[in-house]
Amino acid sequence: MKITIILFGMIRDIIGESKLTLELKKESSIEQLKQYLIKEYNELSKYHNFSIAVNEEYVEASYILKSNDIVALIPPVSGG
């Protein structure tokens, strides 16, 4: 199944792209996606607390992805 990943902030800087398209196995979870990305982009392991939204809604790590989902990886926000 194909998904699109939109990257923001330092995550975009680490990966070097603002958008990725990935082919995943059916029944892949957000946690599996996260582990795949950390394996591919080792520096992401330093920022494991980023938020993940699917189709503009925040989801838990157990969420099962569907074909054509749009996933946003959102780094922690700081400031005042």
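A word on conventions: residues are numbered from 1 along each chain as its sequence is written. Because the model is predicted, local features need pLDDT of at least 70 and side-chain atom pairs pLDDT 80 or more, while totals for chains, interfaces and linings use all residues, and side-chain values use heavy atoms, leaving out hydrogens and water.

Let me begin with the sheet, which is open and mixed, its 5 strands running in the order β2-β1-β5-β3-β4; strands are DSSP runs of E with at least two residues, helices runs of H or I with at least four, both numbered from the N terminus, and two strands pair if DSSP finds at least two bridges between them. At the edges stand β2 (19-23) and β4 (57-58), each with a single partner strand, so one side of each lacks a neighbour in the sheet. Strand β1, residues 2-7, pairs with β5, residues 70-74, in the parallel sense over 4 bridges, and I5 stands opposite V71 in β5.

Which residues of α2 are buried? They are I30, L33, K34, L37 and I38, buried meaning under 20% relative accessible area with a 1.4 Å probe, protein chains only. Seen down the helix axis, the buried residues of α2 fall within an arc of 135°, so they line one face, the arc being that of the directions from the axis to the C-beta atoms.

Note on methods. Buried < 20%, exposed > 50% of the residue type's maximum accessible area, 1.4 Å probe, protein only.
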